[in-house]
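Here are my notes for your first look at this model. Keep the viewer open and check each point as you read.

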Amino acid sequence: AHVVAAVARLFWIDRKTDKARSWFHRSCTLDPSNGDHWGFFYKFEVKHGTVEQADSVLTLCVDAKPTKGDYWCSVKKHPNRWHDSVADVLKKVAELLPGGEDRTSE
């Protein structure tokens, strides 16, 4: 799932949004417990998708109830955020995650 998510991020950087979307979906299907993958997928949809697509990712993430991921755990286990819902944690993780920057042409 980590490799699939990395490929999705590469497609995102290369502005191949349809391919990136399908690969993000695949990574979240392979490992639904990884909140970082959901965070990248949500961030991607907020930037390049419609509101409905972003809400769909949010709903799928809430249903999956992720528990893993470096960013996910750091946000979820922060003393001030222990009571936050999965949706709130996802939004915060998406803010913190790097990604989506375009490659500079040289």
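Predicted model: local features only at pLDDT ≥ 70, side-chain atom pairs only at ≥ 80, totals over all residues.

1. Start with Leu90, a residue of helix H6. Is Leu90 buried or exposed? Its relative accessible area is 0%, and the cut-off for buried is under 20%, so Leu90 is buried.

2. Now look at what surrounds Leu90. Set aside the neighbours within four places in sequence. Leu90 is then in contact with Trp38, Gly39, Tyr42, Leu58, Cys61 and Trp72. Not every residue of the chain is at hand, of course. Take Arg21, which is 69 residues from Leu90 along the chain. The C-alpha atoms of these two residues are separated by 17 Å.

3. The largest nonpolar core has 23 residues. Which of them have the most contacts inside this core? They are Phe24, Trp38, Tyr42 and Leu90. Six helices each supply at least two residues of the core: H1 (2–13), H2 (17–30), H3 (35–48), H4 (51–64), H5 (70–76) and H6 (86–96). There is a general pattern to keep in mind here. In soluble globular proteins, nonpolar side chains tend to be buried together.

4. What is Trp38 in contact with? The list is Cys28, Pro32, Val57, Leu60, Cys61, Ala64, Pro66 and Leu90. Cys61 is also among the contacts of Leu90. Select Trp38, Leu90 and Cys61 together, and you can trace both sets of contacts from there.

5. Step back to the whole chain. How many helices and strands does the chain have? The count is six helices and zero strands. Read from the N terminus, the order of elements is α-α-α-α-α-α. The radius of gyration is 13 Å, close to the 13 Å that the globule rule gives for 106 residues, so the chain is as compact as a globular protein of that length. Along the principal axes, the C-alpha atoms fill a box of roughly 45 × 25 × 25 Å.

6. Buried residues make up 38% of the 106 residues. The other concerns contacts with a separation of 6 or more. Of these, 58% are between residues 24 or more positions apart.

7. Next, find the largest pocket. Its volume is about 170 Å³. Its lining consists of His2, Ala5, Ala6, Arg9, Asn34, Asp36, His37, Phe40, Gly69, Asp70, Tyr71 and Leu97. H1, H3 and H5 are the elements that give two or more residues to this lining. Which element gives the most? That is H1, with four residues. Sorted by class, the lining has five nonpolar, four polar and three charged residues.

8. Two loop residues need a check of their backbone angles. Arg15 lies in the loop between H1 and H2. Its phi is positive, about 65°, although Arg15 is not a glycine. Lys65 is in the loop between H4 and H5. Phi of Lys65 is near 50°, again positive in a residue other than glycine.

9. Beyond residues up to four places away in sequence, Gln53 touches Arg21 and Glu45. Lys43 is ten residues from Gln53 in sequence. In space, their C-alpha atoms are 11 Å apart.

10. Finish with Ser74, in helix H5. Ser74 also counts as partly exposed, at 44% relative accessibility. How far is Ser74 from Arg26? The two are 48 residues apart along the chain, and their C-alpha atoms are separated by 24 Å.

Notes
Residues numbered from 1 in each chain as written. Heavy atoms only, no water. Core = buried A, V, L, I, M, F, W, Y, C linked by side-chain atoms within 4.5 Å. Buried < 20%, exposed > 50% of the residue type's maximum accessible area, 1.4 Å probe, protein only. Contact = heavy atoms within 4.5 Å. 1 Å grid on protein atoms, 1.4 Å probe; cavity = no way out; pocket = protein on both sides within 12 Å on 5 of 7 lines; lining within 4 Å. Points joined across faces, edges and corners; volume = space filled by probe spheres on them. Nonpolar A, V, L, I, M, F, W, Y, C, P; charged D, E, K, R; others polar. Rg over C-alpha atoms; globule rule 2.2 N^0.38 Å.
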